[in-house]
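Reader: Please take me through one part of this model closely. I want the nonpolar core and the contacts around it, in short sentences.

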Amino acid sequence: TASHNAYNILQKKVSAFPKHLLDKWSQDLHQQISPEILKDAFSNIYKLTISSSLRAFQYKLLHRVLPNNHLLYIWKIKNLESCSFCGQEVETFMHLFTGCFVVQNFWLDVKAYIQRKTGIPYQFEAYDIILLIKKETVPIVLLSVLLIGKLFIYKSRNSNPNLSINSFVSYLNRYIKIEREIALKKEKILEHYRKWNLLDDY
């Protein structure tokens, strides 16, 4: 299939990463990011979602080409590089998705939502939010929630400066329904329900 071919191409492409990409993520995440770790992050894109838009979003982020105010300023597209939410610091990848106090409060709300819905006290950190590396003790659906949470943050930059958890839950449910429609078309509806059964109100 096209997805399988794309996955094989991706596997070949990520076998050797540019040193600057590894160095940048190592610097941002305050730990050594090896080629194996980054390869896992890229490979997980295809396990976390069947949505092409979500896959493309995470792919661009990992390659550090997802436009943010800092990049748009460097590219001379925007006059300001400050954060869309707090307006106080430069909107880098790390600030936008993990460092801004508005975003940090949002992630606290997401943690509370996950625990309320699943009973799992999932204590994710910046490393988990950015790379979405699968862990033995963490159901993969929770990484999918983080992925959709990141896209919600990104899409909210000009429309939802408060990052309301209620707005996010509605956004999450819309994406779950989109995945369900895709799963129906691909005859993978059972896999869909197995994945999302922890969140039982969609």
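Author: Trp-25 and Leu-131 touch the most other members of the largest nonpolar core, which has 61 residues. A nonpolar core here is a set of buried Ala, Val, Leu, Ile, Met, Phe, Trp, Tyr and Cys residues joined through side-chain atoms within 4.5 Å. Buried means under 20% relative accessible area, exposed means over 50%, and partly exposed lies in between, using a 1.4 Å probe and protein chains only. The elements that each give two or more residues to this core include helix 2 (19-29), helix 3 (35-48), helix 9 (140-155) and helix 10 (165-185). Helix 9 gives the most, with 11 residues. Helices are DSSP runs of H or I with at least four residues, strands are E runs of at least two, and both are numbered from the N terminus.

The model is predicted: local features need pLDDT of at least 70, side-chain atom pairs count only at pLDDT 80 or more, and totals for chains, interfaces and linings use all residues. Residues are numbered from 1 along each chain as its sequence is written, and side-chain values use heavy atoms, with hydrogens and water left out.

Start with Trp-25. Setting aside residues up to four places away in sequence, Trp-25 touches Ile-33, Leu-38, Leu-61, Leu-62, Arg-64, Phe-93, Met-94 and Ile-130. Contact means heavy atoms within 4.5 Å.

Arg-64 lies over the face of Trp-25, at 4.4 Å from the ring centre. A charge counts as over a ring if NZ of Lys or CZ of Arg is within 6 Å of the ring centre and within 35 degrees of the ring normal. Arg-64 sits in the loop between helix 4 and helix 5. Its relative accessible area is 17%, so Arg-64 is buried. Beyond its neighbours within four places in sequence, Arg-64 is in contact with Leu-21, Lys-24, Trp-25, Asp-28, Leu-71 and Phe-93.

Arg-157 makes a second pairing of this kind. The charged end of Arg-157 sits over the ring of Tyr-154, 4.7 Å from its centre. Arg-157 also forms a salt bridge with Glu-91 (3.2 Å, N to O). A salt bridge is a side-chain nitrogen of Lys or Arg within 4 Å of a carboxyl oxygen of Asp or Glu. Arg-157 is in the loop between helix 9 and helix 10, Glu-91 is in the loop between helix 5 (69-74) and helix 6, and the two are 66 residues apart. Both Arg-157 and Glu-91 are buried.

The count of salt bridges comes to 5. Another one joins Lys-135 and Asp-128 (2.9 Å, N to O). Lys-135 is partly exposed at 36% relative accessible area, whereas Asp-128 is buried at 4%.

Glu-179 and Lys-195 form a further salt bridge (3.2 Å, N to O). Glu-179 lies in helix 10 and Lys-195 in helix 11 (residues 189-196), so this pair ties together parts 16 residues apart in sequence. Glu-179 is buried, at 3% relative accessibility. Lys-195 is buried as well, at 15%.

His-192, Lys-195 and Trp-196 are buried. They cover an arc of only 80° around the axis, which puts them on the same side of helix 11. The arc is that of the directions from the helix axis to the C-beta atoms. Leu-190 and Arg-194 are exposed on the other side. The buried residues of helix 11 pack against helix 3, helix 9 and helix 10.

Helix 9 and helix 10 also meet through rings. Phe-152 and Tyr-171 form a tilted aromatic pair, 5.4 Å centre to centre with 55° between the planes. Rings of Phe, Tyr and Trp (its six-membered ring) pair if their centres lie within 6.5 Å; planes under 30 degrees apart are stacked, over 60 edge-to-face, and the rest tilted. Phe-152 is in helix 9 and Tyr-171 in helix 10, so the pair ties together parts 19 residues apart in sequence. Phe-152 is buried at 4% relative accessible area, and Tyr-171 is buried at 12%. The whole structure holds 13 aromatic pairs.
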